[in-house]
Amino acid sequence: MNPVNYLYLAALLFTIGAAGVLIRRNAIVVFMCIELMLNACNLSLVAFSRMHGNLDGQIIAFFTMVVAAAEVVVGLAIIVSLFRSRHSASVDDASLMKL
């Protein structure tokens, strides 16, 4: 299979994720769309790595997945604390948590 097809798929996934971040107001959905955008970037890194015949892109994608796993833990903790205090997971209510 041609690596350019993977780049088209990555562009489509990134576009869907960006549209979800801009349109949706639920914090969980926005969080999942950010993860979708990260996965699209990882897919393009691996595709470029395969096109050039080295492992640099795959190593960077691995480290990106490790950082994304840490981001999931912190992000879900913030979303849970927002839900417990406001009884809603809306992004608009997050600005009310400021002092």
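1. Start with the packing of H1. Helix H2 (27–52) is part of what covers the buried residues of H1. Note that this is a predicted model.

2. How long is H1? Helix H1 covers residues 3–23, 21 residues in total. From first C-alpha to last, H1 reaches 30 Å, close to the 30 Å expected at 1.5 Å a residue.

3. Which residues of H1 are buried? They are Pro3, Ala10, Gly17 and Gly20. Seen down the axis of H1, the buried residues fall within an arc of 95°, so they line one face of the helix. The background is simple: an α-helix has 3.6 residues a turn, so residues three or four places apart point the same way.

4. Now the other side of H1. Tyr8, Thr15, Leu22 and Ile23 are exposed there.

5. Next, the record. An unreviewed UniProt entry places the feature "transmembrane region" at residues 6–23, 28–48 and 60–83. In the model, residues 28–48 are 100% helix and 0% strand. The end C-alpha atoms of that stretch are 30 Å apart. Residues 60–83 are likewise 100% helix and 0% strand. Here the end C-alpha atoms are 34 Å apart.

6. Last, the cysteines. How many disulfides are there? The count comes to zero, with a disulfide taken as a pair of cysteine sulfur atoms within 2.5 Å. For Cys33, the nearest cysteine sulfur is that of Cys41, 14 Å away, and Cys33 is in no disulfide. Cys41 is in no disulfide either; its nearest cysteine sulfur is that of Cys33. Is each one buried or exposed? Cys33 is buried, at a relative accessible area of 11%. Cys41 is partly exposed, at 35%.

How values were computed. Residues are numbered from 1 along each chain as its sequence is written. This is a predicted model: local features need pLDDT of at least 70, side-chain atom pairs count only at pLDDT 80 or more; totals for chains, interfaces and linings use all residues. Side-chain values use heavy atoms; hydrogens and water are left out. UniProt positions are given in the numbering used here, feature names are shortened, and annotations may be inferred rather than shown by experiment. Helices (H or I, at least four residues) and strands (E, at least two) are DSSP runs, numbered from the N terminus. Buried means under 20% relative accessible area, exposed over 50%, partly exposed in between (1.4 Å probe, protein chains only). The expected span of a helix is 1.5 Å times one less than its number of residues. The arc is that of the directions from the helix axis to the C-beta atoms. Contact means heavy atoms within 4.5 Å.
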